[in-house]
Amino acid sequence: QLRNARVGNDYMSLSGTSMATPVCAGIVALMLEANDKLTPDEVKKLLMKNAKSLSGPSKNDQGSGLADARESVIKAL
């Protein structure tokens with residue numbers, strides 16, 4: 001099952017919102033740990049502003065791009 005998605009023996013490469021949600025939630029948790037005064041709107045703006053732009057044919061389907069956890073947490077301080 002999903003043999004084409006396997007990466008090595010222990011991992012699978014998956015995509016979509018169901019995969020992005022827990023990663024994004026983890027970044028938000030780190031941001032709020034760094035600065036618990038952030039509002040939900042501020043968190044969203046920081047995530048979007050610090051996302052790395054993607055290129056390629058599906059660029060328009062990628063929202064703001066690839067979330068940059070490090071930059072988002074640094075800018076949250």
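1. Of the 77 residues in the protein, 17% are buried, where buried means under 20% relative accessible area, exposed over 50% and partly exposed in between, with a 1.4 Å probe and protein chains only. Please keep in mind that this is a predicted model, in which local features need pLDDT of at least 70 and side-chain atom pairs count only at pLDDT 80 or more, while totals for chains, interfaces and linings use all residues. Residues are numbered from 1 along each chain as its sequence is written, and side-chain values use heavy atoms, with hydrogens and water left out.

2. The secondary structure comes to 3 helices and 2 strands, in the order β-β-α-α-α along the sequence. Helices (H or I, at least four residues) and strands (E, at least two) are DSSP runs, numbered from the N terminus.

3. Helix 1 and helix 2 pack at about 115 degrees, with axes 11 Å apart; the axes are lines fitted to C-alpha atoms over the stretch in contact, and angles run from 0 to 180 degrees between N-to-C directions. Cys24, Ile27, Val28, Met31 and Leu32 of helix 1 meet Val43, Leu46 and Leu47 of helix 2 in this contact.

4. The largest nonpolar core has 7 residues: Ile27, Met31, Leu38, Val43, Leu46, Leu47 and Ala76. Such a core is a set of buried Ala, Val, Leu, Ile, Met, Phe, Trp, Tyr and Cys residues joined through side-chain atoms within 4.5 Å. Helix 2 gives the most to this core, with 3 residues.

5. Do look at Asp68, in the loop between helix 2 (40–49) and helix 3 (69–76). Asp68 counts as buried because its relative accessibility is 15%. Its side chain reaches the backbone nitrogen of Arg70 at 3.3 Å. Beyond neighbours within four places in sequence, Asp68 is in contact with Asn50, Ala51 and Lys52.

Methods:
Polar contact = N/O pair within 3.5 Å; in protein donor to acceptor, adjacent residues only side chain to side chain. Contact = heavy atoms within 4.5 Å.
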